[in-house]
Amino acid sequence: MPVFQIRQGGTGAILWTGGAANEIQAMDAMAHDAGYHEQSDLPENMRCGLKVEALSFDTDREQGSVARAQGGRCGQFVMGTAINDRNLGRAAG
């Protein structure tokens, strides 16, 4: 399963990282973890500017520094940051 990272576009703050089948499911999972049913339930000001990126995990030792620069880690993880209107507004401002 691919691992995606969702960032707040203006600040680059990582809002969510985890496994999902595609970008849409990653956005839905982030929204669900933030207490919403799915991404369409997020307020427009929260959805605006979000960047979704599929992470790659290169296990070739010669490419080690590249993997680290691209967030190369093993396994699946989810950031423990609570996402809501208030702290996204604070990050954007």
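pLDDT is the predictor's confidence in each residue, from 0 to 100. This is a predicted model, in which local features need pLDDT of at least 70, side-chain atom pairs count only at pLDDT 80 or more, and totals for chains, interfaces and linings use all residues. Residues are numbered from 1 along each chain as its sequence is written, and side-chain values use heavy atoms, with hydrogens and water left out.

The protein averages a pLDDT of 74, and 62% of the residues score at least 70. Over residues 62-85, pLDDT stays under 50. Where pLDDT is low, the predicted coordinates should not be read in detail.

Now helix 1, residues 23-33. Helices (H or I, at least four residues) and strands (E, at least two) are DSSP runs, numbered from the N terminus. Which residues of helix 1 are buried? They are Ala26, Met27, Met30 and Ala31. Buried means under 20% relative accessible area and exposed over 50%, with partly exposed in between (1.4 Å probe, protein chains only). Seen down the axis of helix 1, the buried residues fall within an arc of 135°, so they line one face of the helix. The arc is that of the directions from the helix axis to the C-beta atoms. The face turned away from that buried side carries the exposed residues Ile24, His32 and Asp33.

What do the buried residues pack against? Strand 1, strand 2 and strand 3 (50-55). Contact here means heavy atoms within 4.5 Å.

Last, the two ends. At the start of helix 1, a side-chain oxygen of Asn22 comes within 3.1 Å of the backbone nitrogen of Ile24. After helix 1 comes Gly35, with a positive phi near 100°.

Conventions: Polar contact = N/O pair within 3.5 Å; in protein donor to acceptor, adjacent residues only side chain to side chain.
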